[in-house]
Amino acid sequence: MSQRSQRKEEHLALAKMFFNSNKNNDFKHIHLIRPALPESAVSKESIATEMFGQKISAPFFINAMTGGSDASYTINRRLAQAAAKENIPMALGSTSILEKEIDQIKSFEIARQENPDGLLFANVNPTTKPKVAQKIVQVLNANALQIHLNSVQEAVMPEGDRDFHWLDNLKAIRQAVDVPIIIKEVGMGIDPESLRTLLINDFSIIDLGGSGGTNFAQIENERRKNQKLMFLEDIGLSTVKTLLAARTIPVNKTIIAAGGITNALDIFKSLVLGAQYVGIANYFLQFANQDTESLIVAIQNLKYELRLLTALFGLKNIAEADEVKYYLDTDLYNFTRQIYN
């Protein structure tokens, strides 16, 4: 097994080991105002929506996790089977390994083979050559391309990059690729200034990737043999804070919430705070490590609970979620006051 494939398998094992559904992502510090007279009913269609012109059954999807090893082949197969069965999108893990090891493509191709008609997103790092990015999109028949921002992970990764000049290459990839581009963080959150920079440069689909879920600084510290960089594990913005900050920028944009989302109430609160979609990774990985059936049941449960919430808050459709009133605990309130000012 190559060093790159070995790293992929280590990431999977460590993500499983560090999973904690009670990590702080600030969702418990936002409180929704529920109508006692909702005048509504639970409906299967109430949470259906569209993404990239295709109807999907719910506003959440399987976010990027893995690819590039034997273990990831099995995981991606199960994830794709569940995505196909439940008609939700799926994002692949980083395909950047294919630049050096094209033989690992089978661990990515399996997703399209198992889900030929569903929404599938390829994923590359911000230094990927534009022609390579386009080739990956074509080979995988991807509907969109995620480009992940992971400077903190790279800094802690023993073999990681140390040059974070990325914007010019992001723009070059966009010119080369003929599908929508999603810019995503990998668990440290996109701050307001970086979000403004992305929007100014016409990147309008943003996965905020807040802290509270998988912490890749923690994972890479576990892989380091010397000079642990523990202080970098706690420098992220929570999922809720990234959402609140994004609300301060009055520009048309598509916001994806991600980072430690493990239940339907967190999904609902994300939509209340202005997200159009929600990406879920490690929570689904826990079920995919078991079998496809367990993952399908987990997705079905989230859908049912989200339909209940939609009705309880008097909404005809989940798209109305951003009309729900809420109040914030002190820390979040202080954060918004400082961000707004």
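Which way, left-handed or right-handed, does the crossing of α2 and α3 go? Before the answer, a word on the model. This is a predicted model, in which local features need pLDDT of at least 70 and side-chain atom pairs count only at pLDDT 80 or more, while totals for chains, interfaces and linings use all residues. Residues are numbered from 1 along each chain as its sequence is written, and side-chain values use heavy atoms, with hydrogens and water left out.

Two packed helices are described by the angle between their axes and the distance between the axes. Helix α2 spans residues 70-86 and helix α3 residues 106-114; helices here are DSSP runs (H or I, at least four residues), numbered from the N terminus. The pair packs at an angle of about 15°, with axes 8 Å apart, where axes are lines fitted to C-alpha atoms over the stretch in contact and angles run from 0 to 180 degrees between N-to-C directions. Helices α2 and α3 are therefore roughly parallel to each other, a label for angles under 35 degrees. As for the opening question, the crossing of α2 and α3 is right-handed, that is, the near helix is turned clockwise from the far one by less than a right angle.

On the α2 side, S72, Y73, N76, R77, A80, Q81 and A84 meet K106, S107, I110, A111 and E114 of α3, contact being heavy atoms within 4.5 Å. The residues of this contact split into five nonpolar, four polar and three charged. In that count, Ala, Val, Leu, Ile, Met, Phe, Trp, Tyr, Cys and Pro are nonpolar, Asp, Glu, Lys and Arg are charged, and the others, Gly among them, are polar.

Then there are the charge pairs. The structure holds ten salt bridges, each a side-chain nitrogen of Lys or Arg within 4 Å of a carboxyl oxygen of Asp or Glu. One of them joins K85 and E86, at 3.6 Å from N to O. K85 is exposed at 53% relative accessibility, whereas E86 is buried at 7% (buried is under 20% relative accessible area, exposed over 50%, partly exposed in between, with a 1.4 Å probe and protein chains only).

Helix α6 (residues 167-176) carries both D168 and K171, three residues apart, about one turn of the helix. Their closest N and O atoms are 4.0 Å apart; D168 is exposed at 62% and K171 partly exposed at 27%. Helix α7 (residues 192-200) has E193 and R196 at a spacing of three residues, again about one turn. These two side chains meet at 3.5 Å, N to O, and R196 is partly exposed at 30%. Elsewhere, salt bridges that share partners link D26, K241 and D331 into one network.

Terms used. Helix = DSSP H or I, 4+ residues; strand = E, 2+ residues; numbered from the N terminus. Parallel < 35°, antiparallel > 145°, perpendicular 65-115°, else oblique.
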